[in-house]
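Please read it alongside the sequence and the structure shown here.

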Amino acid sequence: GGDEGVASAGGSLVSSLLPGDTLAKFLAEDISEQSMTSPDKSTTFMFADDPQMVLSLEEYNESQRISCTTVLWMVLCPACIGNPLRDSARRKELLRSILTFTMVTIAIQSLLLFLMLVIAGFDDYTDNVAWGPTKETLITWGALNADKVMHCAELWRIFSALWLNAGIFQLLMNAFFLLRIGLFVEYKWRWIRYAAIYTISGVGGGLLSMILQPNSTSVSSTSAVCGIIAAYMCEVIFTWYKTEGVQRIITLTVCITFLVAAIIFGFVSPYMDNTSTIGGVGLGFLLGVYYSLIESDFPPNVKLHVPNTILVIITIYFVAGVTVFYVLVQVATRLTC
């Protein structure tokens with residue numbers, strides 16, 4: 001059921017962005033291709049391991065009637081390949097996805113932002129265009145601040161910043177991508193690889209931000225998501241010849257659109273900086289190359305030496321970054337510990 005689940009999820013990624021007759025035509029072609037490659041002419045869901053969640057081709061065709069509600073669900077969350085409100089199998093699929101790292105990440109970020117806004121309220125929109133709390137509130141709740149990290153030894157901020165958002169707009173942007181592609185990518189990679197890329201990219205982006213912008217306060221959730229995007233784009237490039245043409249184009253379009261949106265936010269929001277985004281993208285791409293090479297058909301010597309070289313580069317990045325931060329970066333002392 002795994003290959004069919006990936007194909008179904010990939011089909012939903014494409015179909016959710018195609019309007020009207022084109023959507024129905026693509027969906028029909030996608031189902032036809034799956035039926036040709038599946039011995040029992042059946043398809044299944046992304047996280048399905050229950051035989052009752054496997055549908056025959058006729059049942060799948062019937063359940064995929066195109067409606068405004070169906071398209072809306074496809075756009076918001078491809079884990080639900082259709083409308084979970086009228087299909088019990090899809091409701092099981094949605095419930096199963098709740099236990100993923102992606103959904104837990106969204107829940108934690110949403111809860112933290114909700115508590116910050118309830119307790120401290122909103123900052124003036126001219127000071128925080130992301131429509132969120134004040135700078136002081138973000139620092140209190142664990143935002144990345146070089147002064148606190150260097151002079152107060154609050155190293156935990158490098159990790160806590162991964163779960164914070166500067167405001168509602170940033171949370172919606174991150175959550176949309178995580179629902180739109182994150183669930184599908186986590187299914188392909190499994191949660192351990194997904195969580196490792198998310199964490200390493202976010203921490204590495206935050207480290208670069210403290211080095212290049214030591215007097216700013218920022219959150220690293222978007223840089224972590226950008227790392228996932230970069231790693232996924234790298235995988236798409238490595239498996240270019242295995243992927244259907246339209247799906248390649250739309251997947252890359254969605255990913256590039258998010259990166260552009262993140263860069264724009266970095267210019268207009270004082271708590272999202274592009275240095276963190278660049279660091280997250282760079283590390284995510286390196287990790288994407290690492291995993292793609294390991295699983296590729298390249299010669300054994302390439303699969304052995306290049307991934308090991310990438311691990312060395314990432315290690316040097318963090319060691320050199322920490323050294324530069326504590327030895328060369330001048331951080332003004334403005335806050336009390």
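In this predicted model, helix α10 (residues 168-189) and helix α13 (residues 245-268) pack at an angle of about 165°, and because angles over 145 degrees count as roughly antiparallel, α10 and α13 are roughly antiparallel to each other. Their axes lie 11 Å apart, and α10 passes α13 in a left-handed crossing.

**Contact of α10 with α13**

- On the α10 side, the contact is made by Phe-169, Gln-170, Met-173, Asn-174, Phe-177 and Ile-181, while α13 contributes Val-254, Cys-255, Phe-258, Ala-261, Ala-262 and Phe-265.
- Sorted by class, the residues in the contact of α10 with α13 comprise ten nonpolar and two polar ones, with no charged residues.

**Contact of α10 with α12**

- Helix α12 (residues 221-238) also packs against α10, the two axes coming within 10 Å and crossing at roughly 40°, and α10 and α12 are therefore oblique to each other.
- The crossing in which α10 passes α12 is left-handed.
- From α10 the contact draws on Gln-170, Met-173, Asn-174, Phe-177, Leu-178, Ile-181, Phe-184, Val-185, Lys-188 and Trp-189, and from α12 on Ser-221, Thr-222, Val-225, Ile-228, Ile-229, Ala-231, Tyr-232 and Glu-235.
- The residues in the contact of α10 with α12 divide into twelve nonpolar, four polar and two charged.

**Contact of α13 with α14**

- Helix α13 also packs against helix α14 (residues 274-294), with axes that come within 8 Å and cross at roughly 150°, and α13 and α14 are therefore roughly antiparallel to each other.
- Leu-259, Ala-262, Ile-263, Gly-266 and Phe-267 of α13 make this contact with Asn-274, Thr-277 and Val-281 of α14.
- By class, the contact of α13 with α14 has five nonpolar and three polar residues, and no charged ones.

**Thr-134 in its loop**

- Thr-134 is placed in the loop between α6 (101-120) and α7 (135-140), and its side chain is joined to that of Thr-137 by a polar contact of 2.9 Å.
- Once its neighbours within four places in sequence are left aside, Thr-134 is in contact with Asp-123 and Tyr-271.

**Confidence of the model**

- Averaged over the chain, the pLDDT is 81, and 74% of the residues score at least 70.
- Over residues 1-20, however, the pLDDT is below 50, and this stretch has 53 contacts in the model beyond near neighbours in sequence.
- Residues 26-54 form another stretch over which pLDDT stays under 50, and for these residues the model has 70 contacts beyond four places in sequence.

Terms used:
Residues are numbered from 1 along each chain as its sequence is written. This is a predicted model: local features need pLDDT of at least 70, side-chain atom pairs count only at pLDDT 80 or more; totals for chains, interfaces and linings use all residues. Side-chain values use heavy atoms; hydrogens and water are left out. Axes are lines fitted to C-alpha atoms, for helices over the stretch in contact, and angles run from 0 to 180 degrees between N-to-C directions. Helices (H or I, at least four residues) and strands (E, at least two) are DSSP runs, numbered from the N terminus. Angles under 35 degrees count as roughly parallel, over 145 as roughly antiparallel, 65 to 115 as roughly perpendicular and the rest as oblique. A crossing is left-handed if the near helix is turned anticlockwise from the far one by less than a right angle, and right-handed if clockwise. Contact means heavy atoms within 4.5 Å. Ala, Val, Leu, Ile, Met, Phe, Trp, Tyr, Cys and Pro count as nonpolar, Asp, Glu, Lys and Arg as charged, and the others, Gly among them, as polar. A polar contact is a pair of N or O atoms within 3.5 Å; within protein, one must be able to donate a hydrogen and the other to accept it, and residues adjacent in sequence count only if both atoms are side-chain atoms. pLDDT is the predictor's confidence in each residue, from 0 to 100.
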